[in-house]
Amino acid sequence: MNKITMQMNADELILSALREDINSEDVTTNSVMPEYTLGEVELICKQDGIIAGLGVFARVFELLDPATEIMFNVKDGDEVKSGEKLGTVKGDIRVLLSGERTALNYLQRMSGIATYTKSVARLLEGTKTKLLDTRKTTPNMRIFEKYAVKVGGGNNHRYNLSDGILLKDNHIGAAGSVTKAVQMAKEYAPFVRKIEIEVENLDMLREALEAGADIIMLDNMSVEDMRTAVELCRGRAETECSGNVTLENAARLTDIGVDYISSGALTHSAPILDLSLKNLHAV
């Protein structure tokens, strides 16, 4: 995430997170550090993984005090090891103390997603299948979580509801049928938009193909049916496999031949990567 993009899209979210943690004052810090003192603290890795979100981590402290200096020994996407010193933060000790939890919350969450995504992406190496995230993100964290997926080697599905057409079961129910849902989407949407539709069985798949859908999402279908679906779609539509795809079961999907595998688990089930700010001292 470059600095311009971050400031345009993320600053207000970061400020909101800071306000959540400091609604009037940091009473603990102010009690032990009543005035400015220059200090330094080290960012330490406590668990092997993939680091992601260093720019967001730094921005927390910069928004509290632009004079804060942040120096990293690694960059987003690097593999990090337990015990490794990843960088230092130097500035007003009051800022270092007050920003610590918010900065680490972002960095740990984003690094955890990148680490989990990398583990799943490795299962797909050597295949044509691309790994996608979903909209199953933490409210107000989507920009950070989808960025972390990309750092971990995954790809972003649509960012939000304005970003693409995906007709799911309830949209089909609202329209009345698969055919009607695709037809109505074609009539409403600009011609440059691809139309994706979710199907649960081969009959729905055939109807979607006849209606002219561009991408077929195979939702919670058996491996055998998915193989058949890929053959039926060959040359007619792209295919996406979805439905409870996790690190534990993704390997079974690697040789089916789908174009995409989407996994909500990348963002909703990834554990954090354990990181810490340690050895705070005055300089």
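A crossing is right-handed if the near helix is turned clockwise from the far one by less than a right angle, and left-handed if anticlockwise. The model examined here is predicted, with pLDDT of at least 70 required for local features and 80 or more for side-chain atom pairs, while totals for chains, interfaces and linings use all residues. Residues are numbered from 1 along each chain as its sequence is written, and side-chain values use heavy atoms, without hydrogens and water.

Helices are DSSP runs (H or I, at least four residues) numbered from the N terminus. Helix H9 (residues 202–211) passes helix H10 (residues 223–233) in a right-handed crossing. The axes of H9 and H10 lie 11 Å apart at an angle of about 15°; axes are lines fitted to C-alpha atoms over the stretch in contact, and angles run from 0 to 180 degrees between N-to-C directions. H9 and H10 are therefore roughly parallel (angles under 35 degrees). Leu202, Leu205, Arg206 and Leu209 of H9 meet Asp225, Thr228, Ala229, Leu232 and Cys233 of H10, contact being heavy atoms within 4.5 Å. These residues comprise 6 nonpolar, 1 polar and 2 charged (Ala, Val, Leu, Ile, Met, Phe, Trp, Tyr, Cys and Pro count as nonpolar, Asp, Glu, Lys and Arg as charged, and the others, Gly among them, as polar).

H9 also packs with helix H8 (residues 178–188), at an angle of about 30° and with axes 9 Å apart. This angle makes H8 roughly parallel to H9, and H8 passes H9 in a right-handed crossing. Val178, Thr179, Val182 and Lys186 of H8 contact Met204, Glu207, Ala208 and Ala211 of H9. The residues of this contact divide into 5 nonpolar, 1 polar and 2 charged.

Notes: Helices (H or I, at least four residues) and strands (E, at least two) are DSSP runs, numbered from the N terminus. Angles under 35 degrees count as roughly parallel, over 145 as roughly antiparallel, 65 to 115 as roughly perpendicular and the rest as oblique.
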